[in-house]
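My notes follow in the order I looked things up.

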2 protein chains.
Amino acid sequence: MLGNFSYHNPTKLYFGEDALTFLAEELDQYGPTVQLIYGGGSIKKSGLYDEIVAILRSCGKTIVEDGGVMPNPTADKLRQGAKIARENKVDLLLAVGGGSCCDYAKAVSVSAYCGEDPWDKYFLRFEEPTCKIIPVGCVLTMAGTGSEMNGGAVISNHEEKLKIGHVFGDDVMPKFSILNPRYTMTLPKRQMVAGIYDIFNHICEQYFSGTDDNTSDYIAEALMKSVVASSRVAIRAPEDYEARSNIMWTATWALNTLIACGKTTDWMVHMLGQAVGAYTDQTHGMTLSAVSLPYYRHILPYGLPKFKRFATEVWQISPLGKTDEQIALEGLAALEGWMRELGVATSISELGATEEMLDGIADATFILDGGYKVLTKEEVKEILRESL
Amino acid sequence: MLGNFSYHNPTKLYFGEDALTFLAEELDQYGPTVQLIYGGGSIKKSGLYDEIVAILRSCGKTIVEDGGVMPNPTADKLRQGAKIARENKVDLLLAVGGGSCCDYAKAVSVSAYCGEDPWDKYFLRFEEPTCKIIPVGCVLTMAGTGSEMNGGAVISNHEEKLKIGHVFGDDVMPKFSILNPRYTMTLPKRQMVAGIYDIFNHICEQYFSGTDDNTSDYIAEALMKSVVASSRVAIRAPEDYEARSNIMWTATWALNTLIACGKTTDWMVHMLGQAVGAYTDQTHGMTLSAVSLPYYRHILPYGLPKFKRFATEVWQISPLGKTDEQIALEGLAALEGWMRELGVATSISELGATEEMLDGIADATFILDGGYKVLTKEEVKEILRESL
């Protein structure tokens, strides 16, 4: 059953090889000062930086530089970015990069005028913004997080060893996002497959909850099947436009609230993965893949009908002559097989986590309800130990 | 492959049993004069009219009555509605009813200030609105057309025996739509099943085109499977909230541009059905069902791989030991079986069409490209004859 909900996603998307040609008309809708947000400089190598600077200049914009956004943007960087935005009276935050740049831009958008420490306000106390919000636009160069069409931002705090996400309302969603699948093709394979697993896991987190018949779950299965099919092409042929375009589009719809409409969601794999990330600073998607199988095997008995459906609908496991549990376990085995095809991490030790870190990681893991089983702290430790 | 496209759907949706409680806060965003658009009076019987009038009054609105919208709203009615809106300087068009009311409201929204005959401008010449557009809100009482989250409107002209749709841009999409599945439960069964087939056919029109791997097609299959599963519950138990909520939500996503993103679409079943509707004035969904099977059997050889995929993915037809054509035909046989379960029309003669009308219906049928085969006028006649 679809429970009560509201849905509003005003982000305008431009998708395809010509998508950047629409940037100028979007820029026209904002004031003269643009904070240009990007990462470690790969967009300078690819030439995209120069293209965008040329468009900004041709639109008469003043560019305020804000490069160096790290893969897991930190609270310190956020504080600096908010200061830059405020001091320059920035009219638009233009993020050019992957989910980290886009997340960071959204966090800056609500922090520039919030009048206090944004880490405390938004990521420790989960307050809603009441201040002026600076509009955000996005030119995406990586497929994965879905940040281009949602209101979420994940920020890390190394001193406190915490990595925390906050989903803001539709005012914080990007006003526009430019999605050109070709931009994703220059990524190293490790980042591509981490992004692909991130997409898949976003879908899982919203799928593995509830027991009723629900349109959202059918759409979730469709997105899972599409990303699995396209990933199998992309790992052999990373420049296959068909595959990369489907992966990019699936990423957007995997985490823009659609497949969560009217149902409960879980998000425990993200809580576990983010805690691992806070200790190892590893790529987000890899931290998710490393804890997924132990987590799903742990909760399988509590959500058996859905895990059975996952097996037959997503992985075409034949149910003939098998118990429900056998079918469900074969589904997880198929998922594991696909993870090995991708080459994503299947243990946290390969990401640098050690036995000694387990207590700390467990303590940094937020325990959420919404899934098939609310974990105890002991179960969190057990799952982490099985993930080693 | 996903071709280049843009996606922007700013309609805000409130879904569920409590959805109407959000009407007041939406009304606050518009001026004092509301044109209240509804159909033949079923909302007066159900009590919904009184509820809405009470909310409008409590928000201090002046109500301009515009009832009597017919199931296939006419050009004459549109001209009258536009005059009412203009003369009363209406600030919001509030449609309470099914797709016809919502379509009509959108047509009025672009016609009040267009300065010429709206039928000629929008439905014969397909021009885009350049005038002031009056905002539209929608309280939906029937699931089917998807009109609550798109920019489309279909208008009939009985004198000219034409029924024509125009898809306007995102400025014409409803600003908000209120979707309470309980409102759909008072519908007679014939209208419920016509709506269900309408939903399914919207998906087919976007699915049966293109040959490549495409996320949009996976989502289309998910929506088809969801509506088939829920329809089988709803025809036995029309008051099953789970089924009716899934049907309502599927209808919205079947025709809000999502599953057409990055691909070609067909829409020939709608062209044929609308021409039948112009001659018989029958329920939209029934005119679609009456021509579907002859049309699909006709184009099957040109789109065999997709019809095969339709059979295995949507209807779980086993492919073992069969030719592609056999598999594809079994898929259409499964579709026919489901149509008979629903009890929708499978011939145009049962809708009142006669042999003598065939030439006229064929002449009123717009021939579109985008599907697997661009029909000739002779093929249109042949399909209509097979639909008798």
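Before anything else, I noted that this is a predicted model.

**Where the copies meet.** I compared the contact surfaces first. I found that 100% of the interface residues of chain A are also interface residues in chain B, so the copies meet through the same surface. I then looked up the contacts: 36 residues of chain A touch 36 residues of chain B. On the chain A side, strand 1 (5-15), helix 8 (215-234) and helix 9 (241-254) each supply at least two residues. Helix 8 of chain A gives the largest share, 10 residues. Sorted by class, I have 15 nonpolar, 13 polar and 8 charged residues on that side of chain A.

**Strand to strand.** I followed strand 1 of chain A next, and it pairs with strand 1 of chain B in the antiparallel sense, over 7 bridges.

**Inside one chain.** Last, I looked within chain A, which is divided into domain 1 (12-183) and domain 2 (189-387). Their C-alpha centres lie 27 Å apart. Across the boundary, 17 residues of domain 1 are in contact with 26 residues of domain 2. The domain 1 side has 8 nonpolar, 6 polar and 3 charged residues.

Terms used. Residues are numbered from 1 along each chain as its sequence is written. Chains are lettered from A and ligands numbered from 1 in the order in which they are written. This is a predicted model: local features need pLDDT of at least 70, side-chain atom pairs count only at pLDDT 80 or more; totals for chains, interfaces and linings use all residues. Two residues are in contact if their C-beta atoms, placed from the backbone, lie within 7 Å. Domain bounds come from an automatic or database domain assignment. Ala, Val, Leu, Ile, Met, Phe, Trp, Tyr, Cys and Pro count as nonpolar, Asp, Glu, Lys and Arg as charged, and the others, Gly among them, as polar. Helices (H or I, at least four residues) and strands (E, at least two) are DSSP runs, numbered from the N terminus. Two strands pair if DSSP finds at least two bridges between them.
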